[in-house]
Amino acid sequence: MHRFERAIVRRPASTFGEGLTTFEGPAPDHARMLEQHAAYVAALRGAGLTVTELPALEAFPDAHFVEDVALIVPELAIATRPGAGAREGEVAAMLDTLALLCGDRPRAQLEAPATLDGGDVLVHERRVLVGRSDRSNAAGVAALRQLLEPRGYAVVEVPVAQGLHFKSSVTALGPRTLVAAASFASLPELTLGAPEPVEVLALPEAEAYAANTLRINDTVLIPAGFPTLAERVDRWRRAQAEPLSVVALEMSEAQKMDGALTCLSLRF
Ligand code: CIR
C-alpha cells in the first residue's frame, strides 16, 4: 500500500452550516465541528503524517472538504474543477498550497467543460476508480484518464446512482480489500482489471455512511457509531500480516453537510 507523508486540511469556517447538503435533521454545530475536526487532524498526525492546516475560508462554507479540489499522486498534482458552481472558487485558494507542498511533481488543472470532485476518485494501487456522479461529468473522467493513463494508472469509470460521491459509498482498507455500501458492493467495476483478487466488504444500507473509511499507512480511520463496520474492520485487521491500528472518530457534524472522513484532507 502506498505510504503517505503529508496531509492538507482546512479549518471549517463559521459559515460551514451554509454549505451544500441533502441532510435533513438537526442543524450543524460549529463548536462541535471544530472539536471533531481537531480530533481528525490529531488522528492524521497520529498516523504519522505532517499536516498543513490552512485557514478557514468564510466565503466558501464547504472549503474544509479539501479532498474535492485536488488529486495528488506521486507522479502528478491535479487541481480539479468541482461540479457544484458554488465550490469552483475553492480551487484558486488551493493552487499556491499545491505549488508549495507538492515538490517537483508536475501540476495540471482541469478546465471546462470537465467537472470532477476529488470525492469521486478512489486511487487503489494502480487502478483509479472514478465515479460518474452529479458532480463529476464524462469530460472530467476523460480528462483524468488522459492525465493518469500515460503515467501507468488504469482509470475505471463507475456509475454513482446513490449518494453524493463515489467515495461516499466505496473506500479501500487495503490492496485487496474494499468496503462498500450494499448498493455498490456488487458493481463489477470495483474489481475490474485488478491484478489480484479484491474482496468487497458490504455494509448494510443502514450503515451506508460508514463505507467512507480512510486507510493511512498502518492506521485505519473509521466513523464512530457503526457496529457492523467496526466488527468487519476488526475481523479484517486481525487477519492482516502487519499490525494495524483502527481509530474511530465522531463525524456527526461533517455528516450533516454530506461530508465524511476522506473529504476532510488531501493525503500524499
Ligand atoms: C458538498 O456538497 O460539496 C459538501 N457539502 C460535501 C462535500 C463532501 N466531500 C466529499 O465527499 N469528498
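In which loop is the place of N217? In this predicted model, N217 belongs to the loop between β12 (214-216) and β13 (219-223). Its backbone is worth a look: N217 is not a glycine, yet it has a positive phi of about 50°.

The peptide bond joining A112 and P113 is cis, with omega at about 10°. P113 is located in the loop between β5 (107-109) and β6 (121-124).

**Ligand site**

The ligand sits in the largest cavity. Around the ligand there are 14 residues, of which L20, R87, R135, M257 and C263 come nearest. By class, the shell around the ligand consists of 5 nonpolar, 3 polar and 6 charged residues.

The distances are listed here.

| Residue | Ligand atom | Distance from a side-chain N or O atom |
|---|---|---|
| D62 | nitrogen | 2.8 Å |
| E67 | nitrogen | 3.1 Å |
| D68 | nitrogen | 2.8 Å |

How much of the ligand's accessible area does the protein cover? On its own the ligand has 350 Å² of accessible area, and the protein covers 98% of this.

**Annotated positions**

The UniProt record, an unreviewed entry, gives the feature "active site" at H165 and C263. These two positions are spread over 99 residues of sequence, but they cluster in space, the largest C-alpha distance being 9.9 Å. Both H165 and C263 are included in the lining of the largest cavity, and that cavity is where the ligand sits.

Where in the fold is H165 found? H165 lies in the loop between β8 (154-159) and β9 (170-174). C263, the other position annotated in the record, is also one of the residues that come nearest to the ligand.

Note on methods. Residues numbered from 1 in each chain as written. Predicted model: local features only at pLDDT ≥ 70, side-chain atom pairs only at ≥ 80, totals over all residues. Heavy atoms only, no water. Near = heavy atom within 4 Å. Polar contact = N/O pair within 3.5 Å; in protein donor to acceptor, adjacent residues only side chain to side chain. Areas by Shrake-Rupley, 256 points an atom, 1.4 Å probe, with all protein chains shown as cover. 1 Å grid on protein atoms, 1.4 Å probe; cavity = no way out; pocket = protein on both sides within 12 Å on 5 of 7 lines; lining within 4 Å. Sits in = over half its atoms within 2 Å of the grid points. Nonpolar A, V, L, I, M, F, W, Y, C, P; charged D, E, K, R; others polar. UniProt positions renumbered as here; feature names shortened; annotations may be inferred. Helix = DSSP H or I, 4+ residues; strand = E, 2+ residues; numbered from the N terminus.
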